[in-house]
Amino acid sequence: MPLGRFAWQTRFVVGAIAVVLEAQAGRWPSPIVIALFVAVSYLMPEHAPAGNDTSR
């Protein structure tokens, strides 16, 4: 899925824009939540497709 891959690779840029826009609008809980989701997406490893166990 080329668009899915592109979206996953640009999540930092999109997340940063969302945080800035929400902060400028004065909605402070949402920029914190958005930043947490972006950070968690970088901390989680990418999942391998089902049935493709490469750990053996």
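## Basis

Residues are numbered from 1 along each chain as its sequence is written, and side-chain values use heavy atoms, without hydrogens or water. Because the model is predicted, local features need pLDDT of at least 70 and side-chain atom pairs pLDDT 80 or more, while totals for chains, interfaces and linings use all residues.

## Helix H2

Helix H2 covers residues 11–25; helices are DSSP runs of H or I with at least four residues, numbered from the N terminus. From first to last C-alpha, its 15 residues reach 21 Å, close to the expected 21 Å (1.5 Å times one less than the number of residues). Gly26 follows H2 and has a positive phi, near 85 degrees.

## Buried and exposed sides

Arg11, Gly15 and Glu22 are the buried residues of H2 (buried is under 20% relative accessible area, exposed over 50%, partly exposed in between, with a 1.4 Å probe and protein chains only). They cover an arc of only 35 degrees around the axis, which puts them on the same side of H2; the arc is that of the directions from the helix axis to the C-beta atoms. Their cover includes helix H1 (2–9) and helix H3 (29–43). On the face turned away from the buried side are the exposed residues Leu21 and Gln24.

## Rings and a charge

Phe12 and Tyr42 form an edge-to-face aromatic pair, 6.4 Å centre to centre with 75 degrees between the planes (ring centres within 6.5 Å, using the six-membered ring of Trp; planes under 30 degrees apart are stacked, over 60 edge-to-face, the rest tilted). Phe12 lies in H2 and Tyr42 in H3, 30 residues apart. Tyr42 is partly exposed, at 43% relative accessible area.

The charged end of Arg11 sits over the ring of Trp8, 4.0 Å from its centre (NZ of Lys or CZ of Arg within 6 Å of the centre and within 35 degrees of the ring normal). Arg11 also lies over the face of Tyr42, 3.8 Å from the ring centre.

How values were computed:
Helix = DSSP H or I, 4+ residues; strand = E, 2+ residues; numbered from the N terminus. Contact = heavy atoms within 4.5 Å.
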